[in-house]
Each structure stands twice: as structure tokens, then as C-alpha cells.
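Dear colleague,

Please find below the structure that I am handing over to you. My notes on it follow.

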Amino acid sequence: MIETIQNSIVNAFDGNPLLATFIIALLPIFELRGAIPFGMSASIWGVYALSPIQAFLISFLATSLIIPFIALIFIPLLNYLKTTKPFKNISEKLINHFKKKADSVNKNNTKSNWLKIFLVMSFVAIPLPLTGVYTGTVIAVLMGLNFYECLLACVSGNLIAGIIITLISSVLKENSIYLLIAFIGILILTILFSLIKKLIIKLKAKKQNIA
């Protein structure tokens, strides 16, 4: 079973770990946090597994390329979608979601742009699911940082996260795949916790309405 999955992954990317790592790093949620151990995994790529430097550089490049596009396009796109009937509710929910994230990062409502840059950088630097450049860049924009400040904050945080993940993967060596598995497990638990929390809130609201 495991060998079948391994062969399927290798065949899907035509046996090219550089291309595979680059593509995985571009994906939301995974980003370089998942791409680095994926590219370095001897369990998947065998003797063609990437070196720590190769995995870091290709993953860092891919995720860094995403930042300027999100900084320039994402919020204007959501604001536009709010004016359309099919996507109005979804775009409003997304904006409210990211505003709550931005408020949680900037708890003290600081006005200092340098402190905002530090806060966003620290958020993106956390090597966990849902704290990567996709979320970090949107948060930076909602916190009022300009384009170049967004780049500085998110690229710096991305660099730190990449170094941490690369060091851990290097220690694990051929077992770096377990870091990717742990990443996916944490992601699933985070999503489940979020869904359960929302369900509990809805049930409490219903009980209050009935009472």
C-alpha cells in the first residue's frame, strides 16, 4: 500500500523532486512547511531526494513568489466578489475570518508599522499549518501595511519558518516524511477542532433561542 502511494506520487511528477517540491510549496496550507520534508524524503524519492539546501531554496522561492500576488490582488478580489450575488456571502465570511485573524495577531491594536511588521513576521515564522504566507499576507494587508511592508514581514517570517523546518528535517534525515505526516495530522486536528467549536456555538445559540 505504502509503496503504491510512493510510486503514484513519483509518477505524478514524472520522477522530478524539484518540480514536485516547487508545486507543493505553492499550495495553500502546505507551503514550505510541507514541501521541505516532502522534497527531502528518501521514503518517497529514494536516492533522488533533495538535499536540505535544495529543498529549502526551491520551497522558499515558490512561497515567496506568492506573497506579492496576494498582497496586490486578494483583498480587491474579495471586495469585488462581495458585489456579486453568487459569491457575496462567501467573500464576506472570508473577509470577516481574516479580520478576526488580524485582530488576534494585533491584540493591542498597535499603530506602529514596525511593530505590525514584527507581529506578522512572528506569525508567519511559526512552522505550523495555517500560519503561512497566504494567511500572513492577508493579515498584513488588513493591518494596514503597504506592499513593501507586507513583503518584508512575510518574506522574513517565511525565511525563519523555512530554516526551522529544514533543520528539523535534516535531523530526521530519511525519516523526514514523518514531519510531513505530523503536519497533516495537526492540520486535520485543527480543522476538526474548528468545526466542533462552531457546532458547539450553534447548538448553544439554538438552546438560548428556544429558552
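**Overall architecture**

Among the contacts of the protein chain with a separation of 6 or more, 69% are between residues 24 or more positions apart, contact meaning heavy atoms within 4.5 Å. The model is a predicted one, in which local features need pLDDT of at least 70 and side-chain atom pairs count only at pLDDT 80 or more, whereas totals for chains, interfaces and linings use all residues. Residues are numbered from 1 along each chain as its sequence is written, and side-chain values use heavy atoms, with hydrogens and water left out.

The secondary structure consists of 10 helices and zero strands; helices (H or I, at least four residues) and strands (E, at least two) are DSSP runs, numbered from the N terminus. The C-alpha atoms occupy a box of roughly 60 × 45 × 35 Å along the principal axes. Of the 211 residues in the protein chain, 37% are buried, that is, under 20% relative accessible area with a 1.4 Å probe, protein chains only.

**Helix α9**

Helix α9 covers residues 147–172, 26 residues in total. From first C-alpha to last it reaches 37 Å, close to the 38 Å expected at 1.5 Å a residue; the expected span is 1.5 Å times one less than the number of residues. At its start, a side-chain oxygen of N146 comes to within 3.1 Å of the backbone nitrogen of Y148. Just after the helix, K173 adopts a positive phi of about 55°. The buried residues of α9 include C150, C154, N158, G162 and T166.

**Packing of α5 against α9**

Helix α5 (residues 52–81) packs with α9 at an angle of about 155°, their axes lying 9 Å apart. Axes are lines fitted to C-alpha atoms, for helices over the stretch in contact, and angles run from 0 to 180 degrees between N-to-C directions. The two helices, α5 and α9, are therefore roughly antiparallel, a term for angles over 145 degrees. Residues of α5 including F56, F60, I67 and A71 meet residues of α9, among them C150, C154, N158 and T166.

**T137 in helix α8**

T137 lies in helix α8 (residues 133–142). This residue, T137, is buried, with a relative accessible area of 0%. Its side chain reaches the backbone oxygen of V133 at 2.6 Å. Leaving aside neighbours within four places in sequence, T137 is in contact with I67, I70, A71 and C154. Of these, I67 and A71 also belong to the α5 side of the α5 and α9 packing, and C154 to the α9 side.

With kind regards

Terms used. Buried means under 20% relative accessible area, exposed over 50%, partly exposed in between (1.4 Å probe, protein chains only). A polar contact is a pair of N or O atoms within 3.5 Å; within protein, one must be able to donate a hydrogen and the other to accept it, and residues adjacent in sequence count only if both atoms are side-chain atoms. Angles under 35 degrees count as roughly parallel, over 145 as roughly antiparallel, 65 to 115 as roughly perpendicular and the rest as oblique.
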